[in-house]
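Please look over the sequence and the model before reading on, and keep both at hand while following the report.

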Amino acid sequence: MQRLALLVEALALFHTLRADLAFIGASEMRSVEQPDRDRIAARRTALQYLVDTEIDAALAASLATTTMPREAGRAIATMCTSLPQWFTPAGPTSPQQIAAEYARLAMRMIGATSIA
């Protein structure tokens with residue numbers, strides 16, 4: 001389960017610290033031409049697979065209780081990819097604080113039996 005928390009932290013940090021790049025991948029896909037569009041889509045799919053794999057591992061180890069693992073995984077990924085739409089470095093919360101909180105939220109979303 002620590003791997004999922006670290007993965008979520010990494011996603012949140014990327015989407016706050018590199019918001020310029022993250023925004024393109026999250027919201028400007030319609031403007032990206034081939035073959036770059038397929039390459040970016042494949043990376044997003046691979047990233048979702050990593051999240052889903054970690055949720056599956058937590059469930060298999062009885063460390064999570066969600067009955068909707070794919071939906072939880074999509075929600076976790078989406079909350080991270082939406083960060084460039086609202087996060088501002090000039091705001092009251094640092095990227096590191098956001099990342100730590102998002103990891104805690106992800107643990108709650110999957111019904112973690114132990115939240116670090």
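**The nonpolar core**

This is a predicted model, and its largest nonpolar core has 24 residues. Those with the most contacts inside this core are Leu 4, Val 8, Val 51, Ile 76, Tyr 102, Met 107 and Ile 110. The elements that give two or more residues to the core are helix H1 (2–17), helix H3 (36–60), helix H4 (69–81) and helix H6 (95–109). In soluble globular proteins, nonpolar side chains tend to be buried together. Ile 76 shows how such contacts look in detail: leaving out residues up to four places away in sequence, Ile 76 touches Val 8, Val 51, Ile 55, Ala 106, Met 109 and Ile 110.

**Two buried residues**

His 15 lies in helix H1, and because its relative accessibility is 6%, His 15 counts as buried. A polar atom of the His 15 side chain lies 2.7 Å from the backbone oxygen of Leu 11.

Ala 112 is found in the segment after H6, and with a relative accessibility of 14% this residue also counts as buried. When neighbours within four places in sequence are set aside, Ala 112 is in contact with Met 1, Leu 63, Ala 64 and Met 107. Leu 13, by contrast, is 99 residues from Ala 112 in sequence and 22 Å from Ala 112 in space, taken from C-alpha to C-alpha.

**Salt bridges**

| Asp 52 | Arg 70 | 4.0 Å |

Salt bridges that share partners join Asp 52, Asp 56 and Arg 70 into one network. The pair of Asp 52 in helix H3 and Arg 70 in helix H4 links distant parts of the chain, 18 residues apart. Asp 56 lies in helix H3 and Arg 70 in helix H4, so this pair ties together parts that are 14 residues apart in sequence.

Arg 70, at 31% relative accessibility, counts as partly exposed, and Asp 56 is partly exposed with a relative accessible area of 31%. In the remaining pair of the table, Arg 108 counts as partly exposed at 48% relative accessibility, and Glu 101 counts as partly exposed at 29%.

Methods:
Residues are numbered from 1 along each chain as its sequence is written. This is a predicted model: local features need pLDDT of at least 70, side-chain atom pairs count only at pLDDT 80 or more; totals for chains, interfaces and linings use all residues. Side-chain values use heavy atoms; hydrogens and water are left out. A nonpolar core is a set of buried Ala, Val, Leu, Ile, Met, Phe, Trp, Tyr and Cys residues joined through side-chain atoms within 4.5 Å. Buried means under 20% relative accessible area, exposed over 50%, partly exposed in between (1.4 Å probe, protein chains only). Helices (H or I, at least four residues) and strands (E, at least two) are DSSP runs, numbered from the N terminus. Contact means heavy atoms within 4.5 Å. A polar contact is a pair of N or O atoms within 3.5 Å; within protein, one must be able to donate a hydrogen and the other to accept it, and residues adjacent in sequence count only if both atoms are side-chain atoms. A salt bridge is a side-chain nitrogen of Lys or Arg within 4 Å of a carboxyl oxygen of Asp or Glu.
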